[in-house]
Amino acid sequence: MVPTLAGVVLLIFFLFKLFGGDPAQILAGQIASQEQIDAIRHELGLDQPWYVQLWFFVREILTFDWGKSWMTREQVSSIFLTRLPATLTISIPILLLEAAMAIPTAMVVAYYRGTLLDRTVMAICVAAMSVSFLVYIIVGQYVFGFQLGWFPVQGWSDSFWKNLVTYAPLPILLAALVGLAPQTRLYRSFFLDETKSDYVRTARAKGLSEPAIMRKHVLRNALVPVVTNISLLVPGVFVGSFLLEIFFSVPGLGREIYLAVNRSDYPVIQAVTIYLSVLTMLINLAADVLYTFVDPRIQLR
Amino acid sequence: MAAVLDVTPESAWTALWRRLQQDRVGAISLGIVAAYLVMILFAMVGLLARGWSEEVGVPYANPSFLGERPNLEAALQKRLEQKGKVPDLRDVDPLAPKYEEWAKRTEALKSTEPARSMTLPWGGDRWGRDVLAKAIKGSQVSIAVGVVAALCATFIGTLLGALAGFYGRWINDFLEWLYNVFTSIPGILLVFTLAAVLRSGPLASLFASGIWTVVIILAFTGWTGMYRLVRAEYMKHRSREYVLAAQAIGASAPSRMFVHILPNVSHVILVQLSLLVVAFIKVEVILSFLGLGVPIDMVSWGTMLGEAQNELIIGKWWQLAAATVFMAIFLTAFSMLTDSLRDALDPKLR
């Protein structure tokens, strides 16, 4: 994990160093005298050789001290702390709701495998996946927020409960519905893999009913890959859905980084990218450790 | 009386073609995708949708089948243009003597305002451009971005995967490290980072026009899956007998990698390539919508959706519908074709 982390830091550093714009130019704006630019270069340490700059960069990461955002003058660390709750308020319910809807649907479809129902649902899934997420958000916001008025079109408040009850439901529902199609397709294949295995044939041979086989044998075994897949989705919870955050003006991390890209606010982009990568690695590591408990056949090397 | 067995082995690609034809869904999907490709070809050489950026209709022109629908926006525009007549200031204006000269000059430069039609086949956008032509041109751009980026990602992924899988040892270790680095950064953050760097960096002017910014972003972030697959295949194949035989007759390492093994793993690459095309088109649409994708003088499904968001609020739904339908039909057909392709290429089903 340490070499990977070092790689991430190097990759981000050199991407910005070699291909990024000159920070002094961006900071000073269009009309700046050479003296001003030189002063900024000196202040940021840009007049130092690259390995010294790399050291500054590493020091920033280790001390959590990224200074201020270039454009809003807000402390980068405070951006993290204030934006993350909004992102989590939206993304955790999405993750749970998706799983709660996709697993039963996939199980039913797998039970009726090969029938018209199965093929119809699968065709609908493929078609639903071919429509851009954007279209679902645009139309959903228009119909449920603007036309029917069931939900506020967009907005956010300071109270967690008000957010969860008033502002979050529409984006959560939209995302969960969109995530349903690909997840159903995937989980169905997990269930189908299990229905072909030997223990299912044995269970059938000893006279167990099909629903009982599905519930007692197939479900339990198929849950291993399902849980694996869900654990792969967990790191995404912290990134959240930037599209939802932009459309519904949720002050979350995803929207923040999109705004940062638009204003070339390098410290914000770098900090978010690096810390979220570290978080992703940690969650994956935790998931690996958890597996050895869930499935005794797996051993950590 | 021994029967002579005379069976010429069927080549893999003929077999693929035969299987695709037998698969009804696959054949229909192939037809749709082919139709799109023909449409794109026509759009590229200018036979179709050449004038997508010309303002041929009134603003928000109605679709032909809805010709009677009131169009407040166009009426408003017309009123504004009529109001635009300047009041007569001849008595007080110190520049009055110059009016004659100006009138003459205007006469010389007189542009003929083309007649704008009230309705267009599938409606018009804010500037009165033909939405149908935009959708066709947008298909060309979106699909081209998806295909070109997928080809680039495939090239990177295949090359690195082949090196890692074939040589193993430190090359494998190094490339595995690179793979871990790229996959541990959440995909969308890598996309945003690259977008930020390419927008404001020294290369910004180089890629300012055209589709290359998006293609580079997609290829640079999307090669990892291909790398993993190709690497696994090469590890399997490198010690197979046919490869050892090639080595025995003196085939060099590059020759074994790309002349002997590559054709035998090409089916894996082909399926993954089609999956990438679908995924990349979806990302391109989102990036263009956000203004990080194709430049503003081009049209793609994403930029159309970007305009459609505001149009929907005033009830002009046709641009949204056009972009969605064009995109959904293509992606559905392409996904179905990929599934059929995978089935047809699966040696277990033979």
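This briefing walks through the cores, the chain contact and a few local features of the structure above.

The structure is a predicted model, in which local features need pLDDT of at least 70, side-chain atom pairs count only at pLDDT 80 or more, and totals for chains, interfaces and linings use all residues. Residues are numbered from 1 along each chain as its sequence is written, while chains are lettered from A and ligands numbered from 1 in the order in which they are written.

**Chain B overall**

- Chain B holds 13 helices and two strands; helices (H or I, at least four residues) and strands (E, at least two) are DSSP runs, numbered from the N terminus.
- Of the 350 residues in chain B, 39% are buried. A residue is buried if 20 or more other C-beta atoms lie within 10 Å of its own, exposed if 12 or fewer, and partly exposed in between, with C-beta atoms placed from the backbone.
- Taking contacts in chain B between residues at least 6 apart in sequence, 74% join residues at least 24 apart. Two residues are in contact if their C-beta atoms, placed from the backbone, lie within 7 Å.

**Nonpolar cores**

- The largest nonpolar core has 128 residues, and those with the most contacts inside it are Ile257(A), Phe192(B), Leu305(B) and Ala323(B). Such a core is a set of buried Ala, Val, Leu, Ile, Met, Phe, Trp, Tyr and Cys residues joined through C-beta atoms within 7 Å.
- Apart from that core lies another, of 12 residues, including Ile103(A) and Val218(A).
- Leaving aside neighbours within four places in sequence, the contacts of Ala323(B) include Ala135(B), Trp301(B) and Leu305(B).

**Where chains A and B meet**

- The contact takes 39 residues from chain A and 38 residues from chain B.
- On the side of chain A that touches chain B, α1(A) gives the largest share, nine residues.
- That side of chain A divides into 28 nonpolar, 11 polar and no charged residues. Here Ala, Val, Leu, Ile, Met, Phe, Trp, Tyr, Cys and Pro count as nonpolar, Asp, Glu, Lys and Arg as charged, and the others, Gly among them, as polar.

**A helix pair in chain A**

- Helices α5 (residues 76-111) and α13 (residues 253-262) of chain A pack at an angle of about 125°, with their axes 7 Å apart. Axes are lines fitted to C-alpha atoms, for helices over the stretch in contact, and angles run from 0 to 180 degrees between N-to-C directions.
- α5(A) and α13(A) are therefore oblique to each other; angles under 35 degrees count as roughly parallel, over 145 as roughly antiparallel, 65 to 115 as roughly perpendicular and the rest as oblique.
- Ile79(A), Arg83(A), Leu84(A) and Thr87(A) of α5(A) meet Leu253(A), Gly254(A) and Glu256(A) of α13(A).

**Covered and uncovered spots**

- Strand β1 (residues 57-63) of chain B has seven of its seven residues buried, so it is largely enclosed by the rest of the structure.
- β1(B) pairs with strand β2 (residues 117-120) of chain B in the parallel sense over three bridges, where pairing needs at least two bridges found by DSSP.
- Ala219(B) sits in helix α8 (residues 212-222) of chain B and is buried, with 21 other C-beta atoms within 10 Å.
- Gly149(A) counts as exposed, with 9 C-beta neighbours inside 10 Å.
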